[in-house]
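Please read the following report with the sequence and the three-dimensional model side by side.

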Amino acid sequence: MVREKNRKKSKRKNKKIEDSSSSVIPSIPTRVWQPGVDTLEDGEELQCDPSVYNSLHGFHVGWPCLSFDILGDKLDLNRTEFPHTVYMVAGTQAEKAAHNSIGLFKITNVSGKRRDVVPKTLATGEDGMEDDDDEESSDSDEEGDNEASKTPNIQVRRVAHHGCVNRIRAMPQNSHICVSWGDSGHVQVWDMSSHLNALAGSDTEGKDGTSPVLNQAPLANFSGHKDEGYAIDWSPATAGRLLSGDCKSMIHLWEPASGSWTVDPIPFAGHTASVEDLQWSPAEENVFASCSVDGSIAVWDIRLGKSPALSFKAHNADVNVISWNRLASCMLASGSDDGTFSIRDLRLIKGGDAVVAHFEYHKHPITSIEWSAHEPSTLAVTSGDNQLTIWDLSLEKDEEEEAEFKAQTKEQVNTPQDLPPQLLFVHQGQKDLKELHWNNQIPGMIISTAADGFNILMPYNIQNTLPSDLAA
């Protein structure tokens, strides 16, 4: 399987050669940029290679939104035709508490183009390579045509939220119901149906972020946590069931009750430090997992009391995030403050070492990790090193296939040899990456958020490796 290892390439700036016999500028071969390994030399600059994306867009909406969620919509499942429409919810991190809000977004006209893993001209043995100047000229001409029609249209409705939003999640069964964890120590549940209906029914409502911030009371407000927190998760099996965890190591269970929620005042207790993330089991409605600054992961059964059913040391540093594989429910991924992330087969926990994969590629804290909704062996990771990486655990190094690919591409790119075979893609360009989510209804689409805004990306080699019924 062909792997696109990086979207950044290093290219030397053109310099005029002082030669009276020729004014031709020699072509410098491109090479893949390795962050944390390579350094820029004098006269070099990094350039994004747009050819490795089926779609790539970036936008910002004022204050940074360091947590968000993609909302399920009433459009088709497994959409593959451009342009796309996406709905999402996000919470701000403003300088003053009173300036924060929750934003409901409708993003339309997400344009793109399906690309082949290997260009057809190369696969057939024809010489399809053009020099850099020709490619850049062609790209510029293409971008110049109807550029406005290729730019996503963004509409937003805002609801006032006192204090920064640490994390926000939408209920999978009813995406208009959202829960926010605030730095004020309050966990609040919101009904956003009126705002989503207004966005769905209009192409101009809240366009360009011009709508005012609206005041609205939450459906429920829990102030029983002893400190602020970040960990929240809706149950995928029981609509309305919710967990919230705080920086004092406590976890509370919410149960839906006649249009509101009842929160168990007695918390689940087992960690010795902040609970950083929570994940309900995709297979068992009463089971959930938690991770903590104490370096451990715990698995709980709400029928068995307030102590964990099992707990184990997962990393040598804080465990920041976890993700439970919805397509292979025995697999749990975790990301640590030391930059490592691991995959465990929970069936092997009691027998000893359950780690089936461990990666030390990132050198800064892992800030987000999530399994693909369409491919059970694929997951994506964000890190404090400003990289979003995509991994396919089913990949192994294939010398013959790599040699064939190099022959087809005439070794146009000098690919590093020491990257893990499972590393499928590297996306860069955002600063202080915090969170990513796969779009469950658009195979191959990822949205990420950082201090400088959002990116919507669809790497070409992700969509080309999806099952044929999803990638068509």
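## Asp-345 and its contacts

Leaving aside residues up to four places away in sequence, Asp-345 touches Cys-330, Met-331, Ala-354 and Val-356, where a contact means heavy atoms within 4.5 Å. Asp-345 lies in strand 25, which spans residues 341–345; helices (H or I, at least four residues) and strands (E, at least two) are DSSP runs numbered from the N terminus. With a relative accessible area of 6%, Asp-345 is buried, on a scale where buried means under 20% relative accessible area, exposed over 50% and partly exposed in between, for a 1.4 Å probe and protein chains only. Asp-345 and Leu-332 are 13 residues apart in sequence, and their C-alpha atoms are 6.7 Å apart in space.

This is a predicted model, in which local features need pLDDT of at least 70 and side-chain atom pairs count only at pLDDT 80 or more, whereas totals for chains, interfaces and linings use all residues. Residues are numbered from 1 along each chain as its sequence is written, and side-chain values use heavy atoms, with hydrogens and water left out.

## Aromatic pairs around Phe-268

The structure holds 14 aromatic pairs, counted for rings of Phe, Tyr and Trp (its six-membered ring) whose centres lie within 6.5 Å, with planes under 30 degrees apart called stacked, over 60 edge-to-face and the rest tilted. In one of these pairs, Phe-268 and Phe-288 have ring centres 5.4 Å apart and planes at 80 degrees, so the pair is edge-to-face. Because Phe-268 lies in strand 18 (residues 268–269) and Phe-288 in strand 20 (residues 287–292), this pair ties together parts that are 20 residues apart in sequence. Phe-268 is buried at 1% relative accessibility, and Phe-288 is buried at 0%.

Phe-268 also forms an edge-to-face pair with Trp-300, at 5.7 Å centre to centre and with 75 degrees between the planes. Since Trp-300 belongs to strand 21 (residues 296–301) and Phe-268 to strand 18, the pair ties together parts that are 32 residues apart in sequence. Both Phe-268 and Trp-300 are buried. Lys-306 lies over the face of Phe-268, at 4.4 Å from the ring centre; a charge sits over a ring if NZ of Lys or CZ of Arg is within 6 Å of the ring centre and within 35 degrees of the ring normal. Elsewhere, ring pairs link Phe-59, Phe-68, Phe-105 and Phe-454 into a cluster.

Which residues of helix 3 are buried? In this helix (residues 193–200), they are His-195, Leu-196 and Leu-199. They cover an arc of only 95 degrees around the axis, which puts them on the same side of helix 3; the arc is that of the directions from the helix axis to the C-beta atoms. The buried residues of helix 3 pack against strand 5 (67–71), strand 6 (84–91), strand 7 (101–110), strand 8 (153–160) and strand 12 (213–214).

Ser-67 lies in strand 5 and is buried, with a relative accessible area of 0%. Beyond residues up to four places away in sequence, Ser-67 has contacts that include Ala-90, Gly-91, Arg-167, Glu-435 and Thr-449.

## Backbone exceptions

Most residues other than glycine have a negative phi, and most peptide bonds are trans. A cis peptide bond, however, joins Phe-82 and Pro-83, with omega about -5 degrees, and Pro-83 is placed in the loop between strand 5 and strand 6.

Ser-249 has a positive phi, near 80 degrees, and is found in the loop between strand 15 (242–245) and strand 16 (250–257). Ser-258 likewise has a positive phi, near 50 degrees, and sits in the loop between strand 16 and strand 17 (260–263). Ser-249 is buried at 8% relative accessibility, whereas Ser-258 is exposed at 83%.

## Overall make-up

The secondary structure of the protein comes to six helices and 34 strands. Of the 472 residues, 52% count as buried. Among contacts with a separation of 6 or more, residues 24 or more positions apart account for 62%.
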